[in-house]
Amino acid sequence: MNILTTLLLCLVSFNFLAANGSKGPNSPMVIAIVEEAHSDHIIVVTRGKFKRKLILNEASKINYVGFDDTKKEIKAEFCIRAQVKNEVISTIYVTPAIGTELVFPTPEMVKMSNQELFDLADLNQNGRISYVEISKTIKHSLKHGPVTFSKSDVDNSGALSQEEFPAFLAKTKWWKMSRVMPEDQLKTHDKDQNNLLSKEELVSLLGSEAHIEIFFKRADKNKSGDIDLAEITQLIESFIFGKKN
Ligand SMILES: [Ca+2]
Ligand SMILES: [Ca+2]
Ligand SMILES: [Ca+2]
């Protein structure tokens, strides 16, 4: 490949990233917490700590997610995920305040049934799980939470019923990972059956090439170029419990 082609490809992929990105001071997707809400604009602080003023107009499509029995509005501390063009909001997801603290499962939660997890997440025990409840117990994600929750909340009531809850779990990474034994993961993805996973086989296990170099390096503790069952077990646990090693 000559230099010009490489340069062109870089530019194309850079534009692609910029058009889809949710990071940086000018990203078209804005994941943030509201600082001030006004009728025609909001001031937000993004995860990267950029302060942005976003314009609301008649064309802005507002999706209120997880409001259950509270008033649908945009207020300070509420969370947003917005698609913007020149800082004008085209689509915005708004959720009640969930703060910034991440949640990870306990070893007990990893073994719980759906019903047990439902009871654990239903903090006020009213028989349904609000967005705030699920964000404090099962999964906290300013980026993915609003979309996962609204897709799971089929009847759009603002809370998850017992019937709706499993769909949310199915989109929760730690839960999915905890439902399959590492031995079975190895068996399923070890295509050449040498009892080790190569980088390609790990891609198959993770279902994505995203960050694969980092994950593989982290997993291959003895730097053998393959990962064995003990290393797979550790990697899966690091995903489930959110640890780096
Ligand atoms: Ca509840
Ligand atoms: Ca519902
Ligand atoms: Ca193998």
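Modeller: Helices (H or I, at least four residues) and strands (E, at least two) are DSSP runs, numbered from the N terminus. This is a predicted model, where local features need pLDDT of at least 70, side-chain atom pairs count only at pLDDT 80 or more, and totals for chains, interfaces and linings use all residues. Residues are numbered from 1 along each chain as its sequence is written, with chains lettered from A and ligands numbered from 1 in the order in which they are written.

Colleague: OK, which residues of H10 are buried?

Modeller: Phe-215, Phe-216 and Ala-219, in a helix running over residues 212-219. Buried takes 20 or more other C-beta atoms within 10 Å of a residue's own, exposed 12 or fewer, and partly exposed is in between, with C-beta atoms placed from the backbone.

Colleague: Why are they on the same side of H10?

Modeller: Because they cover an arc of only 95 degrees around the axis, going by the directions from the helix axis to the C-beta atoms. Glu-213, Ile-214 and Lys-217 are exposed on the other side.

Colleague: And what do the buried ones pack against?

Modeller: Helix H9 (199-206) and helix H11 (229-241).

Colleague: Switching topic, what domains is the chain divided into?

Modeller: Domain 1 (18-95), domain 2 (107-175) and domain 3 (180-240), with bounds from an automatic or database domain assignment. Twelve residues of domain 1 are in contact with eleven of domain 2.

Colleague: Which elements give two or more residues to that side of domain 1?

Modeller: Strands S5 (79-85) and S6 (88-95).

Methods:
Contact = placed C-beta atoms within 7 Å.
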